[in-house]
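Subject: Structure for you to look at

Hello,

Here is the structure I promised. Please open it and keep it beside you while you read.

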Amino acid sequence: MVTDSTDMTFKELKSGKRATIIGYARTTDFTDRLMEMGLTPGTSFDVLSKAPMGGPTEIFYSGSHIAVGMHESESILVKILN
Amino acid sequence: MPSKNNLDPNHMVGQTKIPTIAFVGTPNCGKTTLFNAITGLRQKIGNFPGVTVDSAIALVTVGEKKYRMVDLPGTYSLSPKSPDEKLTADALAEPNSQLKPDFVVFVLDASNPEKCLFLFAQVAELNIPTLISATMIDEVKASGGVFHDIELERKTGVQVFGVVGTKGLGVNELISAIGSEISFQVPLLSPKPNSTATEDVVQWSRQSVGDILRRSESKAPTKKIDQIALHPVAGPLIFAFIMIAFFQSIFTVAEPIMNGLELLIAFAQTHVNTQLTAGLLQDFLSQGVLAGIGSVIVFVPQIAILFLFITILEDSGYLARAAFLVDRSMGLFGLQGRSFVPLLGSFACAIPGILSARSIPSPRDRLATMLIAPLMTCSARLPVYTLLIGAFFPAGVLFGFLSIRAAVLLGLYLTAIVSGLLVALLLKKTLLSGSTMPFLIEFPPYRLPSLRNVSITVWLRVMDFLKTAGTTILVLSVLMWGLSRIPVSDLNNPNPTREQQLEHSALGVMGKAFQPFFSPCGFDWKLTVGILASFTAREVFVSVMAQLYSADARNSESSLRSILSKNITFASALSVLAFYVYALQCMSTIAVLRRETRSWKWPLFAFAYTFALAYSSSVIVYYIAR
């Protein structure tokens with residue numbers, strides 16, 4: 001049904017997009033914590049802003065604003081919604 | 001089986017054991033505000049995740065019974081990722097934990113309960129009698145949302161008490177609930193999560209939130225403010241503007257108040273000099289006590305502004321955004337945004353700064369942050385800086401707005417920051433290399449800082465400062481005064497001047513003995529004494545200068561700054577400034593480093609490298625400026 005959706009990693013996301021977590025490529029303390037903070041597979045979020053020079057990305061989901069560093073963010077697998 | 005456990009006879013009025021109540025919650029859920037409201041303790045709070053990094057303990061009497069209340073650091077789960085979270089997990093789950101609670105007050109942020117419920121589900125498995133205190137209910141109402149506490153009670157199996165910690169609303173009801181221990185019940189989740197796997201528990205909390213909280217169409221300004229505050233261009237500019245405004249205010253706002261205080265102390269000294277007959281007592285009061293403490297007390301306005309600024313940034317929620325903005329730049333030095341807050345805190349005092357490094361998950365990042373924290377310009381350096389800058393730099397204005405003195409001060413701060421970051425880079429490339437957990441931080445909503453909390457924090461910090469002035473600095477001042485009055489070497493002059501007496505006093509002889517070591521830095525024996533004495537605490541430098549240079553009693557009426565500008569060369573003054581930028585002259589910081597790293601190795605390393613930097617930069621500056 002979502003024909004125009006694309007799979008990619010968190011790192012490639014642009015601000016202003018809406019995406020869903022598909023899963024994690026690895027399990028680390030970092031991905032553990034993301035899950036514990038509610039970013040489980042199936043959770044959708046808005047990409048709000050990206051810090052300058054490839055800094056962290058701010059996302060919004062379930063009432064929370066969270067900043068995620070880019071280092072290791074390629075292990076977060078996402079799907080663009082739009 | 002609800003409410004039965006608390007009848008355990010060991011925990012009752014037998015006085016053999018005082019029941020422990022732990023305050024548990026996610027980071028930044030309003031836990032410490034509530035804890036303070038209940039215990040009357042004034043714990044440091046801020047609108048930043050990870051402000052509580054150490055557990056605060058208070059003995060509180062409710063009715064006729066005593067309770068030991070413990071404020072545990074906020075955590076997202078009981079599988080800890082950083083030392084502060086480990087403290088909480090251990091306190092709750094370790095079988096022989098000293099802090100093991102008999103009851104839990106679970107603090108839940110009603111405006112954003114999902115992560116709180118996730119943590120609650122984990123805490124529920126420990127079967128400790130619990131009650132929920134829901135904070136921020138005023139914010140939910142103000143934004144037009146509805147919070148169903150009955151529904152929350154049904155989902156969790158424990159009683160819910162709504163509070164507004166900042167205004168003290170509902171706090172008395174909560175206290176009496178704590179006093180009647182039957183209010184605590186062993187949690188019983190309903191419906192139960194499918195399993196204890198993270199995914200299932202998250203699903204449980206998300207579904208529960210749907211029934212507990214009806215959010216209104218978000219009118220919260222947070223998103224809108226962030227569009228500007230985190231904008232790739234505007235964001236860093238705003239950040240720079242805030243930092244410059246801060247340095248500017250230290251001089252423009254604090255200066256007039258400081259001048260007033262100086263006049264007041266000079267007035268007291270004149271009063272002592274005229275009321276008492278000249279002699280040892282007059283000299284002791286005027287030159288030992290008043291010159292010593294007075295010279296330090298005049299810096300209260302600067303200290304107050306520093307803490308006012310940091311507290312407002314913290315309480316408003318901006319600090320977490322600042323960490324976001326600087327994360328990448330810190331990455332260039334091998335650190336990450338998480339280190340920003342401990343380092344910023346170190347500008348007030350390295351001790352809370354080093355403690356807050358506990359919220360950094362990676363041990364290597366944490367150590368690197370702690371080791372460079374003493375290089376961040378703490379408030380104890382401020383008196384030394386403002387004294388010397390005020391004495392040796394003109395009051396003019398640069399570019400039409402920035403005062404020259406503020407610019408010099410900013411320069412000193414920036415030198416320290418850049419040096420600190422370079423040291424961090426060096427450490428991360430050598431001793432502390434290795435990968436780190438990526439930056440991950442939750443942004444609190446923007447909030448108007450509460451006048452109450454800001455004024456309490458500033459007040460407490462100023463009192464702390466005055467307490468140091470009244471104890472350490474007073475003792476050292478009196479000691480210095482005594483040493484400067486004991487003649488040890490012979491004077492061949494029957495009518496020595498005050499200056500000659502000073503040179504032949506015990507202090508003078510000691511200063512001269514050490515002076516050769518510091519002569520490459522351009523320090524005379526008086527500066528040498530000042531530098532050596534300030535290895536106990538930096539502010540002591542100012543009081544020693546006041547004592548040594550206002551030797552002629554009539555001089556005490558003109559300010560210390562003008563006396564120094566006539567007695568020290570510009571090159572020596574710059575050299576002293578360079579020394580203070582780097583030197584770790586603080587016993588308490590060494591003690592905290594020793595405690596946090598559980599070894600003498602790192603505090604000694606920090607002391608040695610900062611001393612090497614201080615000495616060499618001081619020599620270089622002196623030779624260039626001479």
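Below is what was found, starting with how to read it.

This is a predicted model: local features need pLDDT of at least 70, side-chain atom pairs count only at pLDDT 80 or more, and totals for chains, interfaces and linings use all residues. Residues are numbered from 1 along each chain as its sequence is written, chains are lettered from A and ligands numbered from 1 in the order in which they are written, and side-chain values use heavy atoms, without hydrogens or water.

Cores first. A nonpolar core is a set of buried Ala, Val, Leu, Ile, Met, Phe, Trp, Tyr and Cys residues joined through side-chain atoms within 4.5 Å. Buried means under 20% relative accessible area, exposed over 50%, partly exposed in between (1.4 Å probe, protein chains only). The largest core has 127 residues. B:Tyr318, B:Phe340, B:Tyr385 and B:Leu564 have the most contacts inside it. Helix α18 (residues 404-429) of chain B gives this core its largest share, 10 residues. Helices (H or I, at least four residues) and strands (E, at least two) are DSSP runs, numbered from the N terminus. A second, separate core has 37 residues, including B:Leu72 and B:Leu213.

Now the sheet. Seven strands form an open sheet in the order β1(A)-β6(A)-β2(A)-β3(A)-β4(A)-β5(A)-β11(B), with antiparallel pairing. Two strands pair if DSSP finds at least two bridges between them. The edges are β1 (7-9) of chain A and β11 (440-443) of chain B. Five bridges join β4 (residues 57-61) to β5 (residues 64-68), both of chain A. There, A:Glu58 stands opposite A:Ala67.

Best wishes
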